[in-house]
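A briefing follows, grouped by topic.

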Amino acid sequence: MHFYHKLKRTLFILWVPVGSLTAQTSINSEPETISYTQALQRAIAAEPRLALNSTLAEAAEGQIEQADLSPNPVVGAEVENFLGTGPFTGVKGLEVTLGISQLIETADKREKRTALARAERSLVDWDRESLLAQVEASVRSAFVDVLLAQELLDLRREQLTLAKQSAEETTKLVEAARSSQVEQTRAKLAVRQQQFALQQSRRELAAQKAVLASYWGESIDASFSVMGEVSIDSTTPEFWELASTLTNTAALSRYSAEERTSEAALDLEHARATPDFEVFAGGRYFNEENGNFGFVAGVEIPWPLFDQNQGNIRTARAQLRAEGYEREAVRRELLILLNRAYQNLVAAHAEAQSVEKDLLPTAEQTLDETEEGYERGQFTLLSVLESRSTLFEIRETYLDALSRYASAQAQIEALTRPSTIN
(Lines give C-alpha, C1' and ligand atoms only; values in the text may rest on other atoms or scores of the structure.)
Protein backbone atom coordinates (compact mmCIF):
# COMPACT_ATOMS: atom_id res chain seq x y z
CA MET A 1 0.00 0.00 0.00
CA HIS A 2 1.28 3.43 -0.88
CA PHE A 3 2.76 5.45 1.95
CA TYR A 4 0.43 8.44 1.65
CA HIS A 5 -2.69 6.31 1.96
CA LYS A 6 -1.15 4.24 4.75
CA LEU A 7 -0.36 7.40 6.72
CA LYS A 8 -3.88 8.71 6.34
CA ARG A 9 -5.30 5.40 7.48
CA THR A 10 -3.14 4.76 10.55
CA LEU A 11 -3.17 8.19 12.24
CA PHE A 12 -5.70 10.38 14.00
CA ILE A 13 -5.99 14.15 13.78
CA LEU A 14 -3.47 16.43 15.51
CA TRP A 15 -3.79 20.14 14.76
CA VAL A 16 -2.74 23.43 16.40
CA PRO A 17 -5.91 24.23 18.45
CA VAL A 18 -5.94 22.29 21.70
CA GLY A 19 -9.65 21.57 21.38
CA SER A 20 -9.13 19.43 18.29
CA LEU A 21 -6.89 17.04 20.22
CA THR A 22 -9.79 15.10 21.70
CA ALA A 23 -9.35 12.08 23.90
CA GLN A 24 -10.09 8.70 22.34
CA THR A 25 -10.42 5.33 23.98
CA SER A 26 -7.92 2.67 23.09
CA ILE A 27 -9.35 -0.71 22.20
CA ASN A 28 -6.28 -2.43 23.59
CA SER A 29 -5.33 -1.64 27.17
CA GLU A 30 -1.74 -2.84 26.62
CA PRO A 31 0.14 -0.64 26.07
CA GLU A 32 -1.78 2.38 27.25
CA THR A 33 -2.68 4.75 24.44
CA ILE A 34 -2.62 8.42 25.39
CA SER A 35 -4.16 11.36 23.57
CA TYR A 36 -2.78 14.88 23.65
CA THR A 37 -5.59 16.03 25.94
CA GLN A 38 -4.76 13.29 28.44
CA ALA A 39 -1.06 14.10 28.27
CA LEU A 40 -1.75 17.77 28.90
CA GLN A 41 -4.09 17.06 31.82
CA ARG A 42 -1.45 14.88 33.46
CA ALA A 43 1.20 17.54 32.98
CA ILE A 44 -1.00 20.25 34.49
CA ALA A 45 -1.85 18.07 37.48
CA ALA A 46 1.84 17.32 38.09
CA GLU A 47 3.18 20.86 37.55
CA PRO A 48 4.52 22.12 40.92
CA ARG A 49 4.66 25.73 39.72
CA LEU A 50 0.87 25.74 39.37
CA ALA A 51 0.52 24.54 42.97
CA LEU A 52 2.93 27.30 43.99
CA ASN A 53 0.83 29.81 42.06
CA SER A 54 -2.28 28.73 43.98
CA THR A 55 -0.45 29.32 47.26
CA LEU A 56 0.71 32.74 46.09
CA ALA A 57 -2.88 33.57 45.15
CA GLU A 58 -3.95 32.77 48.71
CA ALA A 59 -1.16 34.97 50.04
CA ALA A 60 -2.32 37.81 47.76
CA GLU A 61 -5.88 37.42 49.07
CA GLY A 62 -4.49 37.86 52.56
CA GLN A 63 -2.82 41.10 51.47
CA ILE A 64 -6.14 42.40 50.18
CA GLU A 65 -7.76 41.58 53.50
CA GLN A 66 -4.97 43.29 55.42
CA ALA A 67 -4.95 46.39 53.20
CA ASP A 68 -8.66 46.96 53.84
CA LEU A 69 -8.22 47.17 57.60
CA SER A 70 -8.22 50.48 59.47
CA PRO A 71 -5.39 51.35 61.92
CA ASN A 72 -5.92 50.07 65.46
CA PRO A 73 -6.65 52.57 68.23
CA VAL A 74 -3.97 53.01 70.90
CA VAL A 75 -4.85 52.92 74.59
CA GLY A 76 -2.33 54.60 76.87
CA ALA A 77 -1.66 55.72 80.44
CA GLU A 78 0.65 58.43 81.75
CA VAL A 79 1.77 59.13 85.31
CA GLU A 80 3.33 62.52 86.23
CA ASN A 81 4.63 64.49 89.24
CA PHE A 82 5.50 61.71 91.69
CA LEU A 83 8.56 60.77 93.74
CA GLY A 84 9.89 64.29 93.41
CA THR A 85 10.79 66.94 95.97
CA GLY A 86 8.90 69.68 97.74
CA PRO A 87 5.24 69.64 96.75
CA PHE A 88 5.90 66.57 94.55
CA THR A 89 7.23 64.41 97.40
CA GLY A 90 5.78 60.94 97.24
CA VAL A 91 2.48 61.09 95.38
CA LYS A 92 1.28 64.44 96.64
CA GLY A 93 1.34 66.01 93.20
CA LEU A 94 0.48 62.82 91.32
CA GLU A 95 -1.35 63.19 88.01
CA VAL A 96 -2.63 60.15 86.12
CA THR A 97 -3.92 60.38 82.57
CA LEU A 98 -5.79 57.55 80.84
CA GLY A 99 -6.72 57.98 77.20
CA ILE A 100 -7.17 56.54 73.74
CA SER A 101 -5.79 57.77 70.44
CA GLN A 102 -6.78 56.96 66.89
CA LEU A 103 -4.95 57.56 63.61
CA ILE A 104 -7.29 59.04 61.01
CA GLU A 105 -6.24 58.24 57.46
CA THR A 106 -6.85 60.94 54.90
CA ALA A 107 -7.07 61.07 51.09
CA ASP A 108 -8.82 57.67 50.89
CA LYS A 109 -5.60 55.85 51.68
CA ARG A 110 -7.34 52.67 52.78
CA GLU A 111 -9.37 52.42 49.58
CA LYS A 112 -6.30 53.09 47.43
CA ARG A 113 -4.19 50.66 49.41
CA THR A 114 -6.83 47.99 48.88
CA ALA A 115 -7.06 48.80 45.17
CA LEU A 116 -3.30 48.28 44.86
CA ALA A 117 -3.51 44.93 46.65
CA ARG A 118 -6.31 43.82 44.31
CA ALA A 119 -4.27 44.85 41.27
CA GLU A 120 -1.28 42.89 42.55
CA ARG A 121 -3.57 39.92 43.14
CA SER A 122 -4.58 39.97 39.47
CA LEU A 123 -0.93 39.61 38.46
CA VAL A 124 -0.89 36.19 40.15
CA ASP A 125 -3.66 35.09 37.77
CA TRP A 126 -1.62 36.34 34.83
CA ASP A 127 1.37 34.39 36.10
CA ARG A 128 -0.80 31.28 36.09
CA GLU A 129 -1.91 32.04 32.55
CA SER A 130 1.70 32.27 31.43
CA LEU A 131 2.56 29.02 33.19
CA LEU A 132 -0.30 27.20 31.47
CA ALA A 133 0.87 28.50 28.10
CA GLN A 134 4.40 27.21 28.81
CA VAL A 135 3.12 23.80 29.90
CA GLU A 136 0.88 23.48 26.84
CA ALA A 137 3.70 24.41 24.46
CA SER A 138 6.16 22.01 26.08
CA VAL A 139 3.74 19.09 26.21
CA ARG A 140 2.57 19.68 22.64
CA SER A 141 6.13 19.66 21.35
CA ALA A 142 7.04 16.52 23.32
CA PHE A 143 3.82 14.78 22.26
CA VAL A 144 4.46 15.46 18.57
CA ASP A 145 8.03 14.20 18.92
CA VAL A 146 6.74 10.90 20.32
CA LEU A 147 4.06 10.69 17.64
CA LEU A 148 6.55 11.12 14.79
CA ALA A 149 9.07 8.82 16.46
CA GLN A 150 6.39 6.14 16.44
CA GLU A 151 5.81 6.69 12.75
CA LEU A 152 9.52 6.48 12.01
CA LEU A 153 9.72 3.23 13.97
CA ASP A 154 6.88 1.77 11.90
CA LEU A 155 8.71 2.84 8.77
CA ARG A 156 11.90 1.15 9.97
CA ARG A 157 10.01 -2.06 10.68
CA GLU A 158 8.58 -2.05 7.19
CA GLN A 159 12.04 -1.44 5.73
CA LEU A 160 13.45 -4.38 7.70
CA THR A 161 10.63 -6.66 6.57
CA LEU A 162 11.24 -5.81 2.93
CA ALA A 163 14.99 -6.16 3.34
CA LYS A 164 14.53 -9.66 4.77
CA GLN A 165 12.20 -10.57 1.91
CA SER A 166 14.75 -9.31 -0.59
CA ALA A 167 17.49 -11.32 1.12
CA GLU A 168 15.36 -14.48 0.90
CA GLU A 169 14.62 -13.86 -2.78
CA THR A 170 18.31 -13.23 -3.47
CA THR A 171 19.29 -16.47 -1.73
CA LYS A 172 16.87 -18.42 -3.91
CA LEU A 173 18.27 -16.76 -7.05
CA VAL A 174 21.86 -17.53 -6.02
CA GLU A 175 20.94 -21.15 -5.34
CA ALA A 176 19.31 -21.29 -8.75
CA ALA A 177 22.45 -19.74 -10.28
CA ARG A 178 20.42 -16.80 -11.51
CA SER A 179 22.23 -14.21 -9.40
CA SER A 180 25.76 -13.60 -8.18
CA GLN A 181 27.09 -14.11 -4.66
CA VAL A 182 27.80 -10.39 -4.46
CA GLU A 183 24.09 -9.57 -4.62
CA GLN A 184 23.42 -12.00 -1.80
CA THR A 185 26.10 -10.32 0.33
CA ARG A 186 24.61 -6.94 -0.51
CA ALA A 187 21.14 -8.10 0.49
CA LYS A 188 22.42 -9.43 3.84
CA LEU A 189 24.19 -6.12 4.48
CA ALA A 190 20.93 -4.29 3.77
CA VAL A 191 19.22 -6.42 6.43
CA ARG A 192 21.90 -5.58 8.99
CA GLN A 193 21.66 -1.88 8.12
CA GLN A 194 17.91 -1.90 8.62
CA GLN A 195 18.26 -3.79 11.91
CA PHE A 196 20.70 -1.14 13.10
CA ALA A 197 18.36 1.66 11.94
CA LEU A 198 15.45 -0.06 13.72
CA GLN A 199 17.37 -0.16 16.99
CA GLN A 200 18.22 3.52 16.59
CA SER A 201 14.54 4.35 16.11
CA ARG A 202 13.59 2.34 19.19
CA ARG A 203 16.13 4.21 21.29
CA GLU A 204 14.94 7.54 19.91
CA LEU A 205 11.31 6.66 20.65
CA ALA A 206 12.20 5.64 24.20
CA ALA A 207 14.05 8.93 24.70
CA GLN A 208 11.12 10.97 23.39
CA LYS A 209 8.69 9.05 25.61
CA ALA A 210 10.92 9.72 28.60
CA VAL A 211 10.79 13.45 27.85
CA LEU A 212 7.01 13.40 27.61
CA ALA A 213 6.63 11.32 30.77
CA SER A 214 8.87 13.76 32.66
CA TYR A 215 6.12 16.37 32.38
CA TRP A 216 3.88 14.00 34.30
CA GLY A 217 6.39 13.69 37.11
CA GLU A 218 6.86 10.00 36.37
CA SER A 219 9.96 7.86 36.02
CA ILE A 220 11.14 6.73 32.61
CA ASP A 221 8.45 4.41 31.30
CA ALA A 222 8.11 3.41 27.67
CA SER A 223 5.02 1.25 28.13
CA PHE A 224 2.64 3.65 26.44
CA SER A 225 1.91 4.97 23.00
CA VAL A 226 0.33 8.18 21.74
CA MET A 227 -2.33 8.77 19.12
CA GLY A 228 -2.81 11.64 16.73
CA GLU A 229 -1.80 12.98 13.35
CA VAL A 230 0.30 15.86 12.18
CA SER A 231 -1.70 17.07 9.21
CA ILE A 232 -0.55 19.52 6.58
CA ASP A 233 -3.04 22.26 5.76
CA SER A 234 -3.61 23.11 2.15
CA THR A 235 -2.52 26.71 2.85
CA THR A 236 -0.65 28.58 5.55
CA PRO A 237 -2.05 31.66 7.32
CA GLU A 238 -0.74 35.10 6.45
CA PHE A 239 1.89 36.47 8.80
CA TRP A 240 -0.07 39.64 9.50
CA GLU A 241 -3.03 37.54 10.64
CA LEU A 242 -0.86 35.81 13.22
CA ALA A 243 0.85 39.04 14.26
CA SER A 244 -2.51 40.72 14.88
CA THR A 245 -3.36 38.10 17.51
CA LEU A 246 -0.36 38.93 19.71
CA THR A 247 -2.25 41.75 21.42
CA ASN A 248 -4.71 39.24 22.92
CA THR A 249 -2.05 36.87 24.23
CA ALA A 250 -1.21 36.50 27.89
CA ALA A 251 2.33 37.75 27.27
CA LEU A 252 1.05 41.19 26.19
CA SER A 253 -2.38 41.35 27.83
CA ARG A 254 -0.81 41.08 31.27
CA TYR A 255 0.80 44.49 30.74
CA SER A 256 -2.64 46.07 30.99
CA ALA A 257 -2.81 44.57 34.49
CA GLU A 258 0.75 45.73 35.14
CA GLU A 259 -0.18 49.27 34.15
CA ARG A 260 -3.27 49.21 36.38
CA THR A 261 -1.06 48.07 39.24
CA SER A 262 1.41 50.89 38.60
CA GLU A 263 -1.43 53.41 38.39
CA ALA A 264 -2.82 52.17 41.70
CA ALA A 265 0.65 52.46 43.25
CA LEU A 266 0.96 56.04 41.94
CA ASP A 267 -2.46 56.97 43.35
CA LEU A 268 -1.47 55.58 46.72
CA GLU A 269 1.82 57.52 46.76
CA HIS A 270 -0.06 60.73 45.92
CA ALA A 271 -2.42 60.01 48.82
CA ARG A 272 0.50 59.41 51.17
CA ALA A 273 1.69 62.93 50.43
CA THR A 274 -1.32 64.12 52.43
CA PRO A 275 -0.49 63.66 56.13
CA ASP A 276 -2.75 61.63 58.40
CA PHE A 277 -3.71 63.07 61.75
CA GLU A 278 -4.13 61.52 65.16
CA VAL A 279 -6.84 62.39 67.67
CA PHE A 280 -6.78 61.46 71.35
CA ALA A 281 -9.08 61.86 74.31
CA GLY A 282 -9.12 60.70 77.91
CA GLY A 283 -9.36 61.63 81.55
CA ARG A 284 -6.82 62.98 84.02
CA TYR A 285 -6.75 62.45 87.77
CA PHE A 286 -5.10 65.04 90.09
CA ASN A 287 -4.08 63.79 93.53
CA GLU A 288 -3.98 67.33 94.95
CA GLU A 289 -6.81 68.65 97.16
CA ASN A 290 -8.30 65.24 97.83
CA GLY A 291 -8.26 64.36 94.17
CA ASN A 292 -9.81 66.06 91.16
CA PHE A 293 -10.71 64.77 87.72
CA GLY A 294 -10.77 66.39 84.28
CA PHE A 295 -10.99 65.46 80.60
CA VAL A 296 -8.23 65.91 78.03
CA ALA A 297 -8.41 65.89 74.22
CA GLY A 298 -6.13 66.82 71.41
CA VAL A 299 -5.04 66.30 67.84
CA GLU A 300 -1.63 65.83 66.21
CA ILE A 301 -1.04 66.70 62.55
CA PRO A 302 2.36 66.13 60.92
CA TRP A 303 3.80 69.19 59.20
CA PRO A 304 4.97 68.15 55.72
CA LEU A 305 7.73 70.71 55.65
CA PHE A 306 10.45 68.54 54.06
CA ASP A 307 8.97 65.13 53.26
CA GLN A 308 6.03 65.38 50.87
CA ASN A 309 6.60 61.85 49.53
CA GLN A 310 7.99 63.37 46.35
CA GLY A 311 10.63 60.65 45.90
CA ASN A 312 8.14 57.79 46.01
CA ILE A 313 5.79 59.66 43.66
CA ARG A 314 8.60 60.13 41.17
CA THR A 315 9.48 56.44 41.38
CA ALA A 316 5.86 55.40 40.84
CA ARG A 317 5.56 57.67 37.79
CA ALA A 318 8.72 56.25 36.27
CA GLN A 319 7.51 52.71 36.91
CA LEU A 320 4.27 53.47 35.09
CA ARG A 321 6.18 54.78 32.07
CA ALA A 322 8.47 51.75 32.19
CA GLU A 323 5.50 49.41 31.78
CA GLY A 324 4.78 50.91 28.37
CA TYR A 325 8.39 50.57 27.22
CA GLU A 326 8.61 47.01 28.49
CA ARG A 327 5.37 46.09 26.73
CA GLU A 328 6.74 47.40 23.42
CA ALA A 329 10.03 45.56 23.92
CA VAL A 330 8.21 42.29 24.58
CA ARG A 331 5.95 42.86 21.56
CA ARG A 332 8.95 43.30 19.28
CA GLU A 333 10.62 40.20 20.70
CA LEU A 334 7.44 38.18 20.15
CA LEU A 335 7.21 39.45 16.57
CA ILE A 336 10.77 38.30 15.90
CA LEU A 337 10.11 34.86 17.38
CA LEU A 338 6.81 34.60 15.52
CA ASN A 339 8.42 35.56 12.23
CA ARG A 340 11.15 32.96 12.71
CA ALA A 341 8.62 30.24 13.51
CA TYR A 342 6.44 31.35 10.59
CA GLN A 343 9.31 31.10 8.12
CA ASN A 344 10.06 27.59 9.37
CA LEU A 345 6.39 26.71 9.02
CA VAL A 346 6.20 27.99 5.45
CA ALA A 347 9.39 26.19 4.43
CA ALA A 348 8.33 22.90 6.00
CA HIS A 349 4.83 23.25 4.53
CA ALA A 350 6.20 23.77 1.02
CA GLU A 351 8.60 20.85 1.37
CA ALA A 352 5.96 18.49 2.74
CA GLN A 353 3.47 19.39 0.00
CA SER A 354 6.12 18.95 -2.67
CA VAL A 355 7.07 15.53 -1.33
CA GLU A 356 3.46 14.48 -0.87
CA LYS A 357 2.18 15.63 -4.26
CA ASP A 358 5.22 15.06 -6.46
CA LEU A 359 8.05 12.93 -5.09
CA LEU A 360 6.02 10.28 -3.26
CA PRO A 361 3.64 9.44 -6.15
CA THR A 362 6.57 9.37 -8.60
CA ALA A 363 8.66 7.13 -6.35
CA GLU A 364 5.71 4.80 -5.74
CA GLN A 365 4.97 4.58 -9.44
CA THR A 366 8.64 3.89 -10.21
CA LEU A 367 8.72 1.09 -7.66
CA ASP A 368 5.52 -0.45 -9.03
CA GLU A 369 6.88 -0.40 -12.57
CA THR A 370 10.26 -1.76 -11.47
CA GLU A 371 8.67 -4.63 -9.55
CA GLU A 372 6.44 -5.47 -12.52
CA GLY A 373 9.45 -5.34 -14.82
CA TYR A 374 11.43 -7.52 -12.45
CA GLU A 375 8.70 -10.18 -12.55
CA ARG A 376 8.90 -10.10 -16.37
CA GLY A 377 12.69 -10.30 -16.25
CA GLN A 378 13.29 -6.77 -17.53
CA PHE A 379 15.05 -5.53 -14.35
CA THR A 380 17.45 -7.01 -11.86
CA LEU A 381 16.80 -7.34 -8.14
CA LEU A 382 19.30 -4.54 -7.60
CA SER A 383 17.00 -2.17 -9.51
CA VAL A 384 14.10 -3.16 -7.26
CA LEU A 385 16.20 -2.59 -4.13
CA GLU A 386 17.30 0.82 -5.36
CA SER A 387 13.69 1.83 -6.11
CA ARG A 388 12.61 0.69 -2.64
CA SER A 389 15.51 2.55 -1.03
CA THR A 390 14.60 5.72 -2.91
CA LEU A 391 10.97 5.46 -1.82
CA PHE A 392 11.89 4.98 1.83
CA GLU A 393 14.30 7.90 1.71
CA ILE A 394 11.50 10.10 0.38
CA ARG A 395 9.17 8.82 3.08
CA GLU A 396 11.74 9.70 5.72
CA THR A 397 12.09 13.14 4.14
CA TYR A 398 8.34 13.56 4.42
CA LEU A 399 8.40 12.61 8.12
CA ASP A 400 11.23 15.08 8.68
CA ALA A 401 9.20 17.82 7.01
CA LEU A 402 6.22 16.88 9.19
CA SER A 403 8.42 17.14 12.27
CA ARG A 404 9.65 20.61 11.37
CA TYR A 405 6.13 21.68 10.41
CA ALA A 406 4.72 20.44 13.73
CA SER A 407 7.53 22.11 15.68
CA ALA A 408 6.83 25.44 13.98
CA GLN A 409 3.12 24.94 14.64
CA ALA A 410 3.77 24.39 18.33
CA GLN A 411 5.91 27.55 18.54
CA ILE A 412 3.27 29.63 16.77
CA GLU A 413 0.53 28.21 18.99
CA ALA A 414 2.53 29.10 22.10
CA LEU A 415 3.23 32.63 20.86
CA THR A 416 -0.35 33.36 19.72
CA ARG A 417 -2.29 31.50 22.43
CA PRO A 418 -5.19 33.81 23.37
CA SER A 419 -5.62 34.78 26.97
CA THR A 420 -8.49 33.21 28.90
CA ILE A 421 -8.65 36.10 31.39
CA ASN A 422 -11.22 38.77 30.59
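The second largest cavity of this predicted model has a volume of about 30 Å³, where a cavity is a set of points, on a 1 Å grid over the protein atoms alone, at which a 1.4 Å probe fits but cannot get out, and where a volume is the space filled by probe spheres set on points joined across faces, edges and corners. The structure holds two cavities of 30 Å³ or more. Because the model is predicted, local features need pLDDT of at least 70 and side-chain atom pairs count only at pLDDT 80 or more, whereas totals for chains, interfaces and linings use all residues. Residues are numbered from 1 along each chain as its sequence is written, and side-chain values use heavy atoms, with hydrogens and water left out.

**Second largest cavity**
- The lining of the second largest cavity, meaning residues with an atom within 4 Å of a point, consists of A133, E136, A137, R140, E413, A414 and R417.
- Helices α4 (109–175) and α9 (381–416) each supply at least two residues of this lining, and α4 gives the largest share, four residues; helices (H or I, at least four residues) and strands (E, at least two) are DSSP runs numbered from the N terminus.
- By class, the lining of the second largest cavity has three nonpolar, no polar and four charged residues, with Ala, Val, Leu, Ile, Met, Phe, Trp, Tyr, Cys and Pro counted as nonpolar, Asp, Glu, Lys and Arg as charged, and the others, Gly among them, as polar.

**Largest pocket**
- The largest pocket has a volume of about 380 Å³, a pocket being an open set of points with protein on both sides within 12 Å along at least five of seven lines.
- Of the 17 residues that line the largest pocket, A190, Q193, Q194, L385 and S389 are the closest to its centre.
- Two or more lining residues of the largest pocket come from each of α4, α5 (181–214) and α9, and the largest share, eight residues, belongs to α9.
- The lining of the largest pocket divides into seven nonpolar, five polar and five charged residues.

**Rings and charges**
- A search of the whole structure finds four aromatic pairs, which are rings of Phe, Tyr and Trp (its six-membered ring) with centres within 6.5 Å, counted as stacked if the planes are under 30 degrees apart, edge-to-face if over 60 and tilted for the rest.
- The ring centres of Y36 and F143 are 5.8 Å apart and their planes stand at 80 degrees, so this pair is edge-to-face.
- This pair links distant parts of the chain, with Y36 in helix α2 (residues 36–46) and F143 in helix α4, 107 residues apart.
- Both Y36 and F143 are buried, which stands for under 20% relative accessible area, with exposed over 50% and partly exposed in between (1.4 Å probe, protein chains only).
- The charged end of R140 sits over the ring of Y36, 4.6 Å from its centre, and R42 lies over the face of W216, at 5.0 Å from the ring centre; the criterion is NZ of Lys or CZ of Arg within 6 Å of the ring centre and within 35 degrees of the ring normal.

**Strand pairing**
- Strands β3 (residues 95–104) and β5 (residues 277–286) run antiparallel and are joined by 10 bridges, pairing being assigned if DSSP finds at least two bridges between two strands.
- The bridge partner of I100 in β5 is A281.
- Strand β5 is also joined to β6 (residues 292–300) by nine bridges, again antiparallel, and the bridge partner of G282 in β6 is V296.
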